[in-house]
Amino acid sequence: MMITAETQHCKPGLQTGIQNKMGQRKMTMLVWVVGVLAALLQPTFAGSLIGAFSNSLGPEEIIEYEVVNEGDGFEERKIPSLNWACMEQQSSSSDADQMDVFFKLFGYLGGNNDQGARMNMAAPVSIEYLKNDTGVVLTGCFLVEKKHQTQPPVPTDSNIKIKVRPEMNVLTRKFGGYATSDSVWLRETAALKAILTVAGKAVRSDLMYWNAYDAPFKFWNRRNEVWLLEAV
């Protein structure tokens with residue numbers, strides 16, 4: 001079945017944890033905030049950024065995937081291997097650094113690439129949440145549209161990388177509203193894990209994906225998803 005559609009007096013360990021949580025909240029806010037800013041800014045400011053977000057009422061394309069199994073309150077899907085334009089940011093980075101991630105990604109879609117190609121937005125906008133030995137790394141990614149999947153334009157900004165995510169089976173469910181803070185995403189993650197535990201499915205705790213499908217100006221019937229990977 002094919003479907004188109006986050007103080008100076010803190011102990012070091014505690015301080016790192018606080019920074020990580022703040023960073024997660026900042027990154028998840030950006031999917032919404034950057035869209036609002038892009039719509040309000042004048043065309044003379046970062047024209048390629050505005051061009052990339054000109055279709056502010058919704059993406060031109062939605063990721064294709066196969067529903068492998070429909071469980072009790074969740075879906076198992078096969079996500080194909082696809083090219084994503086990504087920029088990595090440590091979760092303790094400043095507001096300005098976090099905002100810079102998404103401005104640069106929008107700029108890539110708007111023509112800041114070796115072909116000068118202006119590309120349509122494709123859904124979802126995806127944040128890779130990866131835990132490693134030093135903390136949490138958040139990577140913001142835009143899905144490259146179908147037209148350029150085979151040979152994605154090379155970013156002119158060296159901080160942006162074209163990342164090939166391998167084919168993967170994910171466990172997920174849809175939820176609505178504005179998911180603009182890490183607490184919303186982590187709450188949904190916990191809820192999904194609880195459902196999966198009942199179903200006898202263990203999931204990885206080091207890697208997940210937070211996905212937003214809608215532009216900021218869609219107020220109803222919004223679609224968000226946490227993708228979890230089954231532990232092997």
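## Overall composition

Helices (H or I, at least four residues) and strands (E, at least two) are DSSP runs, numbered from the N terminus. By this definition, the secondary structure of the protein chain amounts to 4 helices and 13 strands. The structure is a predicted model, in which local features need pLDDT of at least 70 and side-chain atom pairs count only at pLDDT 80 or more, while totals for chains, interfaces and linings use all residues. Residues are numbered from 1 along each chain as its sequence is written, and side-chain values use heavy atoms, with hydrogens and water left out.

A residue is called buried under 20% relative accessible area, exposed over 50%, and partly exposed in between (1.4 Å probe, protein chains only). Of the 232 residues of the protein chain, 50% count as buried. Accessible areas come from the Shrake-Rupley method with a 1.4 Å probe, and for residues only the protein chains shown count as cover. The accessible surface of the protein chain is about 11,500 Å², and 54% of this surface belongs to carbon and sulfur atoms.

## The disulfide

A disulfide is a pair of cysteine sulfur atoms within 2.5 Å. The count by this rule is 1 disulfide. Cys-86 and Cys-141 form a disulfide, with their sulfur atoms 2.1 Å apart. Cys-86 belongs to strand E5 (residues 82-90) and Cys-141 to strand E8 (residues 135-143), so the pair ties together parts that are 55 residues apart in sequence.

The torsion about the S-S bond of Cys-86 and Cys-141 is about 115°, and the disulfide is therefore right-handed. Cys-86 is buried, with a relative accessible area of 4%, and Cys-141 is also buried, at 1% relative accessibility.

Asn-83 is placed in strand E5 and is buried, its relative accessible area being 12%. A polar contact is a pair of N or O atoms within 3.5 Å; within protein, one must be able to donate a hydrogen and the other to accept it, and residues adjacent in sequence count only if both atoms are side-chain atoms. The side chain of Asn-83 reaches the backbone oxygen of Gln-149 at 2.6 Å. Contact means heavy atoms within 4.5 Å. Leaving aside residues up to four places away in sequence, Asn-83 touches several residues, including Leu-143, Pro-152 and Ile-162.

Glu-75 lies in strand E4 (residues 75-79) and counts as buried at 17% relative accessibility. Its side chain makes a polar contact with the side chain of Arg-77 (2.8 Å). Not counting residues up to four places away in sequence, Glu-75 touches Val-67, Asn-69, Glu-70, Val-170, Leu-171 and Thr-172. The C-alpha atoms of Glu-75 and Thr-172 are separated by 5.4 Å, although these residues are 97 residues apart along the chain.

Tyr-178 lies in the loop between strand E11 (174-175) and H4, and counts as partly exposed at 29% relative accessibility. A polar atom of the Tyr-178 side chain lies 3.1 Å from the backbone oxygen of Lys-218. The C-alpha atoms of Tyr-178 and Ala-212, 34 residues apart along the chain, are 9.0 Å from each other.

The expected span of a helix is 1.5 Å times one less than its number of residues. At 1.5 Å a residue, the 17 residues of helix H4 (residues 182-198) should span 24 Å, which agrees with the 24 Å between its end C-alpha atoms. The buried residues of H4 are Asp-182, Val-184, Trp-185, Glu-188, Thr-189, Leu-192 and Leu-196. Seen down the axis of H4, these buried residues fall within an arc of 155°, so they line one face of the helix; the arc is that of the directions from the helix axis to the C-beta atoms. The face of H4 turned away from its buried side carries the exposed residues Arg-187, Thr-197 and Val-198. Just after H4, Gly-200 adopts a positive phi of about 80°.
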